[in-house]
2 protein chains.
Amino acid sequence: MLDKAPNQKLAGLLEKFGAALASGDIDAAVSLFQDDCYWRDLVAFTWNIRTMEGKEQIRDMLKSRLADVGPSNWAVAEGEDAAEADGLLEGWISFETKVARGYGQIRLKDGKIWTLLTTMAELKGHEEKAGFTRPLGAKHGHGKGRKSWKEEREEEIAELGFSRQPYCVIVGGGQGGIALGARLKQLGVSTIIVEKNERPGDSWRKRYKSLCLHDPVWYDHLPYIDFPKNWPVFSPKDKIGDWLEMYTRVMELNYWTSTTAKKASYDEAAGEWTVVVERDGKEIVLKPKQLVLATGMSGRPNLPKFPGMEKFRGDQHHSSRHPGPDAYAGKKAVVIGSNNSAHDICAALWEAGADVTMVQRSSTHIVRSETLMEVGLSALYSEQAVRNGMTTAKADLIFASLPYKILHEFQIPLYRQMKDRDQKFYADLEKAGFLLDWGDDGSGLFMKYLRRGSGYYIDVGACDLVIDGSIKLKSGSGVKEITEDAVLLEDGTRLPADVIVYATGYGSMNGWAAELISREVADKVGKCWGLGSNTTKDPGPWEGEQRNMWKPTQQEGLWFHGGNLHQSRHYSQFLALQLKARQEGIPTPVYGLQEVHHKG
Amino acid sequence: MLDKAPNQKLAGLLEKFGAALASGDIDAAVSLFQDDCYWRDLVAFTWNIRTMEGKEQIRDMLKSRLADVGPSNWAVAEGEDAAEADGLLEGWISFETKVARGYGQIRLKDGKIWTLLTTMAELKGHEEKAGFTRPLGAKHGHGKGRKSWKEEREEEIAELGFSRQPYCVIVGGGQGGIALGARLKQLGVSTIIVEKNERPGDSWRKRYKSLCLHDPVWYDHLPYIDFPKNWPVFSPKDKIGDWLEMYTRVMELNYWTSTTAKKASYDEAAGEWTVVVERDGKEIVLKPKQLVLATGMSGRPNLPKFPGMEKFRGDQHHSSRHPGPDAYAGKKAVVIGSNNSAHDICAALWEAGADVTMVQRSSTHIVRSETLMEVGLSALYSEQAVRNGMTTAKADLIFASLPYKILHEFQIPLYRQMKDRDQKFYADLEKAGFLLDWGDDGSGLFMKYLRRGSGYYIDVGACDLVIDGSIKLKSGSGVKEITEDAVLLEDGTRLPADVIVYATGYGSMNGWAAELISREVADKVGKCWGLGSNTTKDPGPWEGEQRNMWKPTQQEGLWFHGGNLHQSRHYSQFLALQLKARQEGIPTPVYGLQEVHHKG
């Protein structure tokens, strides 16, 4: 029999907390937190994505928002049991606000709140039609001139963007745009997704042929339709492409393929965007109220400018344009870069019989895939987690409940464990001349991803090829120039080359805003991504949440959406609810709109 | 706390049963059954689909099969609790045979077995790769010349049917062929599905435009990928078409579109079929070991031959060719027939503004959709069932556990309840002249479906139009002849017509065998479908299972697969396991191969 005592403790605390909030007694509410405390809110209280750190920030938020939010009905979530161990009590909670139902996670230390996560689950009166409320499909009864599902769908396709304007336009139809589009469809927010490629999924299909997801399947589910049990752990790129295409169709998204967004401008008075797109060569003007840039973390190739590049007589391209190794058997290949793409491409070139050199210009964080899965992800995202009853929704919320301010403290011991476990592997890499790092504070891969979105390789085999010299390595020296037939390094090394691949990463999402809208607006909203951790490529000051992602920006009606499949799934829920509330005219006063510390 | 006593009772019985079987003591095993008893086996004991009715049949089966099967490890299924009420104890069980793992359902009365269902879940050593054993996807490690997922898939597509022969060919790519194809793919049985239409799902898309599934979503899931929570209760035809198309793609089925199976013959000596198909106008010869006809219950239009049809100057077509009502606004339409298609088509024609007459030649069984869902299906297939923890797999097994011999006894009270509930509705229909029936023994729709596959309409609104005269009804008289511009009935009525729709149903699946293979083989395997219930259109003698469906036939290597989505899902598991065992050379001695009482 499960110990129900933690439930009673938690219920007792929630009763006090709820009563204090109901009576407007902010001091009493704040007194239930311990001094070292965090309240992360996803939209429910702040109409923002925001972590309040410490009692003063919590007090300030409540002063500003409590009366308007009107929270009530705090309770231990139905069907869930709180658990207590080593003085830490954890539990799932539910609550309501005036306009929404919420769900959350809480951790108590010594009976006081250490961390609190509050999330908006659904807007009252605008719940998604699912389960008991799913549509009937067939039209029962009878009526003259009724249309079939197909006719209605064809009508929508013919009208939307022409005789009828969508409320929202999403630029970019990768997993981010697709997941958000699906949520908006379910919420009844008319949306067009604009994608430059010919088919949904092409943003994966068009990359180098050996590419597979580096994140495992349990981490990658889209909303509404899970991958089946027979789906591979690491999806090959064309297979994930097919899945995205299928998903787009069966979720009935209005997805405009072969369409380029050319220009967007905002009419502040009308509260409306003018978005000029070119679809199959024809210009169309869209007039949405909301514009979401979901062009991706990896959408804008960062092509370096080395002297002499124009003279090179072989093939040269950014990694995103790399066709795969087939044409390069017996050829000399130089790959500039040492992160995920560089390793994948080097390995594939070697497998195809090319002579490959990797140029490592700065240190790289390496984790073996197996180790990362077992040590880093298995508690939340693994087959064992599924068997233990962990659901994707819960895993996402647990992940979201760890405040960014202290997330690295949870991560550092995990990466120490990985380093120990794979000691020999790392020693061998260093012996081969590879420059390793573990992030500025040893917090490893996930923090690097959140802070800068780069700087690592999840090893699926290429490291062994570096270790045994199959992939030649030149590390610690930059590129001086490119000649007709070689790469010259700063240390004087000359690397003859038939093909050069620039695996040099991607530019900021903000660049898209500059290109599509204007430099002025791009600078006004400032840099995207990163936490302000004051580590390499993530300058301070501390911001507490990822800059500009999934939340209001300094530009009315402009939003950024993106990230890996996990983030696309999880944060699309909160972005969709923010857009739905605006469409319905529900007041959405934003608490703590981010300041801009770095231009785009 | 749940009462665990029933578990102990069940475990006790299983221990005795298992011990008796293990020691070969058939009398002791049979003595554990009550006199009135049924053992339904899906492949696990009989390599057949077979119900043993009464102790003598059970004894006979065990005498023939026990030594070979070698059952063991009988237990209450893990994680399941038996339940007891009103002297009836029900529970889930697991067991093993020498070659397989099995799962089943059992009902005890007074401590003895009343019904036993044994099913084969998986073949040992040939388990599906799923969950913990799902494929890795990415190729970790390294190796010269490795192929990508896409290259391997393209290679398979290029080779299969040309340089490499499939083990199995499925003729017909509707839900039946697709569900079976998916199971075979997971089991590693190389298969080509041959479909005459241009795209998977076209067999639905090409039907009349108002068509929606008459079965609800919970009953319709395909294997491996469930419909999402937002999926409509009754799928519109084009939407289910899209789902089937996408399913076919993401499950990586080898699905040959625009391909017609023209001729098939079996070489008994080689144990191999020669199947001539025409694909995009080109003839290809396939040489599979197994041939599955999945051409569907509703694949062979039954076009009546009325005198004068050739003289009719308007449009006339079978319901399967009916394009929808759009061209017939203001026109006179006569629909011959009074089952599902006839009602749907009449209603759509009326809605589009046609003048519609339905010709009812014999009585029809009518149930209101809502009533059928609530009274007939809700315990197993409904949102409430899902909330109560019912899974599709369990619902299918519970359904399968009710022996056909007594199934009508379970059904009769349900249909009495429906009749009571909708008393006024039925009275109104009769007042309008509609001829009603409830099946020969009052057992209603599902028994009609199993016995003859026809004779009913699930009302979604057309009946109101019949009742209020919007759809004109002529009942009780056959068609005498067709003239240039009218339908003449036997009672002398003349129905002027611009369009005649023959909603006259479909021929036996057996007809496909005659057409594709030979009349001789079709007669050898005999009639498909029906139970031998000696009711209208299902002549005796009693057969105990549906004739020729999903199980060995009198023709080596020839199989029939089909039925609604539920049956396609459920029985594809057992047909796939039978085919897999044969591919692997596991001996599959068939117990009780059906005798043929009716030619095709």
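Chain A superposes on chain B by a rotation of 180 degrees with 0.1 Å of shift along its axis, at an RMSD of 0.0 Å. The superposition is by least squares on the C-alpha atoms of residues with pLDDT of at least 70 in both copies. The two copies are thus related as by a two-fold rotation axis. Of the residues of chain A, A:Met246 comes closest to that axis, with its C-alpha at 2.6 Å. The same surface serves both copies: 100% of the contact residues of chain A recur in chain B.

This is a predicted model, in which local features need pLDDT of at least 70, side-chain atom pairs count only at pLDDT 80 or more, and totals for chains, interfaces and linings use all residues. Residues are numbered from 1 along each chain as its sequence is written, chains are lettered from A and ligands numbered from 1 in the order in which they are written, and side-chain values use heavy atoms, with hydrogens and water left out.

Take the interface between the chains next. The contact involves 60 residues from chain A and 60 residues from chain B, where contact means heavy atoms within 4.5 Å. The size of an interface is often given as the accessible area lost when the parts come together. Here chain A and chain B bury about 5,500 Å² between them, 60% of it on carbon and sulfur atoms. Buried area is the accessible area (1.4 Å probe) that two parts lose on being put together, summed over both.

B:Asp242 forms a salt bridge with A:Arg249, with the closest N and O atoms 3.0 Å apart.

Which helices of chain A each supply at least two residues of the side that touches chain B? They are α4 (149–159), α7 (237–250), α8 (340–351), α10 (383–387) and α15 (462–467). Helices (H or I, at least four residues) and strands (E, at least two) are DSSP runs, numbered from the N terminus. α7(A) gives the most, with eight residues. By class, this side of chain A has 24 nonpolar, 14 polar and 22 charged residues. Ala, Val, Leu, Ile, Met, Phe, Trp, Tyr, Cys and Pro count as nonpolar, Asp, Glu, Lys and Arg as charged, and the others, Gly among them, as polar.

Now look within chain A. It is divided into domain 1 (5–123), domain 2 (154–300 + 507–584) and domain 3 (309–502), with bounds from an automatic or database domain assignment. The C-alpha centres of domain 2 and domain 3 of chain A lie 26 Å apart. In contact are 33 residues of domain 2 of chain A and 34 residues of domain 3 of chain A. These two domains bury about 3,000 Å² between them, 58% of it on carbon and sulfur atoms. In domain 2 of chain A, A:Tyr208, A:His214 and A:Trp218 lose the most area to domain 3 of chain A, together 24% of what that side buries.

Terms used. A salt bridge is a side-chain nitrogen of Lys or Arg within 4 Å of a carboxyl oxygen of Asp or Glu.
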